[in-house]
Amino acid sequence: MSSPTPNLPFKDEKLLDVLHIKKYFPIKGGIFKRTVGHLKAVDDVSFSVYKGETVGIVGESGSGKSTLGRVILRLLDPTDGEIHFEGKDISGLTARKVRPFRRDMQMVFQDPFGSLNSKMSVAELIEEPLLVQTSLSKAERKEKAIAMMEKVGLRAEDRLKYPHEFSGGQRQRISIARALIINPKLVICDEPVSALDVSIQAQVLNLMKDLQDELSLTYLFIAHDLSVVKHISDRIAVMYLGRIVEIAPKQALYNNALHPYTQGLLASIPEVDLDGTNQKREKIRIEGDLPSAVHPPSGCPFRTRCPKAHERCAVDRPDLTKVGEDEHFVACHLYT
Ligand code: SF4
């Protein structure tokens, strides 16, 4: 299967191409600690990201979405497949050769407290990427850090404080400032607001949207439910057990979800009506737990929880296939 490469009217330049990426973790067993199996965290994922867009990646815990983010950033090595950033294949580069690309690809983590060194002041935290990646002088680093603090809504006079002296929302602003200080092209946001109160979530999401427009950023926005990504995303990919099961422009996904799993995710959040047509969605309830990624079901990975499963679903694994006119891809036998 080729990568879904939508020709969206508002995008023309491709920034990232993920091609058949797999990430398998070996399972060791027995007295000799031999490899007795593999946990297939990411299993043949392909998609593209265009400059300036936000692609939301949604899936429950264990779907492989965070592992995928780390593989794209080369924090983890892929087991197979290719990652092309601005046309260059970075999937096989050594740690030294991948370093220049790190400047262009940054990550904002879910837990700002855990990802920020508590012994460093805010000034040190925000200036550190400049120290590592640029040859700016101390004065230039300070000036840039203060400007970035103000851009993300932090007060410059707080620059000598430590992470524990800030609220959760402010700490996430520090993480965002640290990620953006070296002008990255792609920011992978791994559940950046899940640990925050709902009222603060909206503020941080609005800030990220404003910064995207101002700094021409491209986001890959990882979340565990569809409510968080609905305002910020242009397109959304839904992952299940290491695979993309549906990917579509936001309107198409929210108003005409095709995959039974996506329909179930939508049924679990308050009514969404993006274009005012209030189309009736089929209400699907997802029951049971995510199966093991070590022993995934045969055929369609969702078949053990799918209310529409039929004979073929246990035998054939459905490929991601374009359905309709609006760059909508789905992996389900109901549409093939
Ligand atoms: Fe359900 Fe079958 Fe479609 Fe899988 S392929 S989502 S089991 S109907």
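How many residues lie between S4 and S5 in their hairpin, and which residue in the turn has a positive phi? Select the turn and you'll find 2 residues between the strands, with Glu-86 at a positive phi of about 50 degrees.

A word on what you have open: this is a predicted model, where local features need pLDDT of at least 70 and side-chain atom pairs count only at pLDDT 80 or more, while totals for chains, interfaces and linings use all residues. Residues are numbered from 1 along each chain as its sequence is written, and side-chain values use heavy atoms, with hydrogens and water left out. Strands (E, at least two residues) and helices (H or I, at least four) are DSSP runs numbered from the N terminus.

**Stop 1: around S4**

His-84 sits opposite Asp-89 in S5. Strands pair here if DSSP finds at least two bridges between them. Click Lys-22 to find Asp-80 of S4 opposite.

**Stop 2: the open sheet**

Next, select the 8 strands in the order S6-S7-S8-S3-S9-S10-S12-S11; they form an open sheet with mixed pairing. S6 (105–108) and S11 (321–323) are at the edges with a single partner strand each, so one side of each has no neighbour in the sheet. Look along the sheet for a twist that averages 20 degrees from one strand to the next.

Zoom in on S9 (residues 235–240) and S10 (residues 243–249), antiparallel and joined by 6 bridges. Arg-235 has Pro-249 in S10 as its bridge partner.

Then show helix H1 (residues 65–72), which packs on the sheet and touches S3, S6, S7, S8 and S9. Contact means heavy atoms within 4.5 Å. The direction of H1 makes about 150 degrees with that of S8; angles run from 0 to 180 degrees between N-to-C directions, and axes are lines fitted to C-alpha atoms, for helices over the stretch in contact.

**Stop 3: H6 against H7**

Finally, select residues 168–180 (H6) and 198–215 (H7): they pack at about 20 degrees, with axes 10 Å apart. That makes H6 roughly parallel to H7 (angles under 35 degrees count as such). Show side chains at the contact, including Ile-176 and Leu-180 of H6 and Leu-207 and Leu-211 of H7.

How values were computed. Angles under 35 degrees count as roughly parallel, over 145 as roughly antiparallel, 65 to 115 as roughly perpendicular and the rest as oblique.
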